[in-house]
Amino acid sequence: MSSPPVDDYRELADSLHPLAVQQYLAANDWQLETQIPDVRQIWRLNDQARVMLPLATDFVDFAQRFRDTLRALATVYDWDPGRLAEKITATRADLFFVRFDQVMVDGTLPFKQAEKALDGLYKMMKAAATSADDPTHSHRGRRSSLVNDFLDEDVRLGHTKRGSFVFTVVTRLGDPLPDRDGSHSSPFPRRVMETLATGLHAAKDLSLNWNASAVERAAERGLSANLVESLQDLTESDSVRELDLSFAWATGEPRPQVPSSRIVVDRDAMAGLPRVRERLVRREEPPRTETVVGQVRSLTREEPGGDEQEETTIVLSAEVRGRTRKIHVLLGGEDYDWAIFAHRSKLPFTVTGNLAFERGAWRMTGPVTVDSSFLQHQQR
């Protein structure tokens, strides 16, 4: 067995609590021999090894003794600090690994891509938590306190693993729940991770093998438009060859019934995600008449071919149903002139029509009406 230097465990010791190590030992065949409550414990692994676990964090030599314990455990299992941290954390926490398989010069990730990835991961966890709490939720508006508390307290960003660039998401399960009538009740964080796993499998399956009827049962599998959108965010960079998603389930809870603990989203699956998302958006947010007020971000004018009429389109940035969206609106004649005026003057533009998600973008269709009264007043 190799024995890494103690200094390699300084950061690990700072990130762990002795109670987490205690839970790991208790769950992995170690036996508690003796203890001085709140001071130290002696644990034994059959006839293979014995370790001393310090508990008194206010002792002057606690940090050194705790590092010694971690180093001893690593020696017993022949693990490096990262592997040891992963195993200890997984005792009462589920781990979710997101690995980007892409060309990297020095093992680093562009800052903008990392920012996009973190936003995508938060969106992904939020979607899974919302579906786990209420499969019929529209994913719009307010979430329950259970979802908000999970996002605020129970889900964390863990240590980065070696090998390509890997984000580690840690969901803390908390203390075991008491059994009721002999049946086990899973903590909400575990239900979220189970929902996430089934939802990711469903997203990949539908992206590769389209099944329109399966969309109607999407909620049952934890699949939502927001979950698919988060996958698109993570795979947006052209340099991503594959997105490798895997789970390490907490040993302190029964293993969940999921198809697999690993989902690999390759380029073929990425290509099918926009269609899956569009169909889910249509199902979750069917077309309806909306009046939106926003800023005109761009205007395009397409030259007509033959007897075709000229097409003029604007892109409006507006808040709809609690989210800022870019809405494509086909306008003509005087309405388009008012859009030009609003764009140049940086004034709000108001339009009413049927809002729907089509061909990968939000579009306003049907009879479209422009309210130019405010713009007329500003023009005087």
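Predicted model: local features only at pLDDT ≥ 70, side-chain atom pairs only at ≥ 80, totals over all residues.
Visitor: What is counted in the secondary structure of the protein?

Guide: The count is twelve helices and 13 strands. Helices are DSSP runs of H or I with at least four residues, strands are runs of E with at least two, and both are numbered from the N terminus.

Visitor: Why is the protein called more spread out than a compact globule?

Guide: The globule rule is 2.2 Å times the number of residues to the power 0.38, and the radius of gyration is taken over C-alpha atoms. For 380 residues the rule gives 21 Å; the protein has 27 Å, well over that, so it is more spread out than a compact globule. Along the principal axes, the C-alpha atoms fill a box of roughly 90 × 50 × 40 Å.

Visitor: What makes strand S10 largely enclosed?

Guide: Buried means under 20% relative accessible area, exposed means over 50%, and partly exposed is in between (1.4 Å probe, protein chains only). In S10, residues 311–320, eight of the ten residues are buried, so the strand is largely enclosed by the rest of the structure. Across the protein, 45% of the 380 residues count as buried.

Visitor: What makes helix H9 largely enclosed?

Guide: H9 covers residues 225–234, and nine of its ten residues are buried, so the rest of the structure largely encloses this helix. Among the buried residues are Asn-226, Glu-229 and Asp-233.

Visitor: How do you know that S10 and strand S11 pair?

Guide: Two strands pair if DSSP finds at least two bridges between them. S10 and S11 (residues 323–331) have nine bridges, in the antiparallel sense. Thr-312 stands opposite Leu-331 in S11. The hairpin has two residues between the strands, and Arg-321 takes a positive phi near 55 degrees there.

Visitor: How do you know that S2 pairs with strand S1 and with S3?

Guide: S1 (residues 31–36) and S2 are antiparallel over five bridges, with Thr-34 opposite Ile-42 in S2. Six bridges join S2 to S3, also in the antiparallel sense, and Gln-41 stands opposite Leu-53 in S3. The hairpin of S1 and S2 has three residues between the strands, and Asp-38 in the turn has a positive phi of about 65 degrees.

Visitor: Why is Asn-46 called partly exposed?

Guide: Its relative accessible area is 39%, so Asn-46 falls in the partly exposed class. Asn-46 lies in the loop between strand S2 (40–45) and strand S3 (49–54). Phi of Asn-46 is near 50 degrees, a positive value in a residue other than glycine. Most residues other than glycine have a negative phi.

Visitor: Why is Lys-346 called exposed?

Guide: Lys-346 has a relative accessible area of 67%, so it is exposed. Lys-346 sits in the loop between helix H11 (333–345) and strand S12 (349–358). Lys-346 is not a glycine, yet has a positive phi of about 55 degrees.

Terms used. Residues numbered from 1 in each chain as written. Heavy atoms only, no water.
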